[in-house]
Amino acid sequence: MASGKTLTISIMDPPYESGTTTTMLRIVDAALKKGHNVNVFAYEGAVALPLKTQAAHPNPVKGTTVEEQHHPTTSGFISALFEAAGLTGAKLDWVNCGLCVDERGATEWVEGVRRGGPGDFVKFAQESTNTLVIGTR
Amino acid sequence: MAHYLLIESRDPFEYGDPVQFADLAVDLAGAGNQVTMFLVQNGVLVARAGAAGGTLQKLAGEARITVLADEFSLRERGIWPEKLAGGVNYGSMDQFVDLLMADDVKAVWH
Amino acid sequence: MAKYLSIVERAYHGTLEEQDDTILWISHMAKKAGADVSVLLRANAVNYAVQGQNAEGLTFGAAALSVPPKLDQDIAELIGAGVSVYAVSDDLERRGIGRGDIVAGVRLIAQREMAKLFDQHDQIWHW
C-alpha cells in the first residue's frame, strides 16, 4: 500500500564500476516495497544504468554459457524495480539527465525511464520527504 | 535540532576523508543533533574488531551517536557477528529506509 | 524556501568538457532553476577556488580540447549569481593555499564550523 511519502535519490556512477550502484538499487527496492514513491535522478555515468542494449555474457574463467552464468544487467534490475513499484501502488520515476545522455550517446533505455535535467532534480528535492545524493569518486 | 543520517561508504585506510566525516558527526552531536552513522560498502571495514583505531573510536561513547553497519556489507566482507567491534550495531536496508524517511532527517552520503 | 548545501569534495575528476566540474555546474543550474543553494568546497575541491587555473592546450592526435574548463571563473560566476560559496580553511592550509591565492568572495569556514553550516540548511547534497 502506498505510504504517501517520496524519496529522491541522485546517483552518478556508471554500471559495474562501484558499490554505489548496488546500494542504490537496494535502497530503491526497499523503499518501493514499503510503498514509498521513489524518484531517481541519474547524472553523468549513471545514465548508462538503464541502457536496454546491455547484454549478458558467459564466464570464460569458469567455462559457463550465457544461460548458465545468468549475468545480471543493471537495466534488467531497473525494469524489475518498475514492476515492483506496481505491486505496492508506489511510483518509480527515473530521470536520465539529458546532456549527460547526449555526450555519452546513451540513448536507448528500458521502459519507464525518461529524459530530464537539473530542473527535475530540483523539483524532486523540493517535493520529496527526503533527498539522498550519492556522489562519485 | 535535527536527526542526521550520515552514511559512510569509504574505507578510512584508503581515503583520509572518512576521519573528517567522523569528526563532523561528533560536531553535529555536540551541537545537540541526534546522529546515526550508517556504515555501508567499504565503510564497514572499520567495524571489524581489531581494526586500527580511528573513526570508530571517535564515535563510540558519544551519547547522541548511534553506529549501524549494513549487514549485507559486513557479510560480503566476512565480518561475522563474533568479529564485530564493540559499539557497532547491525543495520538492515529496511531500517536504513525507515531512518531516511522519518520526519526531519537530513541524509548525508560520504 | 528550503535551503540546499551542495558539497564538492573530489576535484579534477574529468577535464574533458567545459562543464567539469559537473557539481559546480549542476549547482549553478539549480540556482537558475530557483533553488536557494549554497556551495561548500572541501578536501581537494578547495583547489577550485584558486585563481589562475589553466587547463588549455590538450590535444589528442589532431583533435584539440578547444573549450576547456575554467573553474576559477566558474566559482566567480557562481558568486556573481548570488550563490554563497564556502571553502574549508583547514583544507586550504593543508594544501598550502593562502587567502591571497583564492577567488574574491569565497567565504572561509573552519572544519569545526561545518556542523553549524549543515544546521543552517534543510538538505545537504554531498556529491
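## Confidence

The model is a prediction. It scores ipTM 0.96 and pTM 0.93. For chain C, the average pLDDT is 94. In that chain, 100% of the residues score at least 70.

## Fold of chain C

Chain C holds four helices and seven strands. Read from the N terminus, its elements follow the order β-α-β-β-β-α-β-α-β-α-β.

The C-alpha trace of chain C spans about 50 × 35 × 20 Å along its principal axes. Its radius of gyration is 15 Å, which agrees with the value near 14 Å that a compact globule of 127 residues would have. Of the 127 residues, 40% count as buried. Take the contacts in chain C with a separation of 6 or more: residues 24 or more positions apart account for 70% of them.

## The nonpolar core

In soluble globular proteins, nonpolar side chains tend to be buried together. Here the largest nonpolar core has 109 residues. The residues with the most contacts inside this core are Ile9(A), Ala42(A), Leu6(B), Ala25(B), Leu39(B) and Leu41(C). Helix H1 of chain A, residues 19-33, gives the most to the core, with six residues.

Leu6(B) shows what such a position looks like in detail. Neighbours within four places in sequence are left aside here. Leu6(B) is then in contact with Phe21(B), Ala25(B), Val35(B), Thr36(B), Met37(B), Phe38(B), Val108(B) and His110(B). One of these partners, Ala25(B), is also listed among the core residues with the most contacts.

## Contact between chains A and B

Chain A brings 17 residues to this contact, and chain B brings 11. On the chain A side, H1 and S5 each supply at least two residues. H1(A) gives the most, with seven residues. By type, the chain A side divides into seven nonpolar, seven polar and three charged residues.

## Contact between chains A and C

Here 12 residues of chain A are in contact with 14 residues of chain C. Two elements of chain A give two or more residues to its side: helix H5 (118-127) and strand S5 (130-133). H5(A) gives the most, with five residues. The chain A side divides into five nonpolar, four polar and three charged residues.

## One side of helix H4 in chain B

Helix H4 of chain B covers residues 93-100. Its buried residues are Phe96(B), Val97(B) and Leu100(B). They lie on the same side of H4(B), because they cover an arc of only 95° around the axis. An α-helix has 3.6 residues a turn, so residues three or four places apart point the same way.

## Two positive phi angles

Most residues other than glycine have a negative phi. Tyr16(A) has a positive phi, near 70°. Tyr16(A) sits in the loop between strand S1 (6-11) and H1 of chain A. It counts as exposed because it has 12 C-beta neighbours inside 10 Å, and the cut-off for exposed is 12 or fewer.

Asp104(B) also has a positive phi, near 60°. Its place is the loop between H4 and strand S5 (105-109) of chain B. Asp104(B) is exposed, with 10 other C-beta atoms within 10 Å.

Methods:
Residues numbered from 1 in each chain as written. Chains lettered and ligands numbered in written order. Predicted model: local features only at pLDDT ≥ 70, side-chain atom pairs only at ≥ 80, totals over all residues. Buried ≥ 20, exposed ≤ 12 C-beta atoms within 10 Å, placed from the backbone. Arc of directions from axis to C-beta. Contact = placed C-beta atoms within 7 Å. Nonpolar A, V, L, I, M, F, W, Y, C, P; charged D, E, K, R; others polar. pLDDT = per-residue confidence, 0-100. Core = buried A, V, L, I, M, F, W, Y, C linked by C-beta atoms within 7 Å. Rg over C-alpha atoms; globule rule 2.2 N^0.38 Å.
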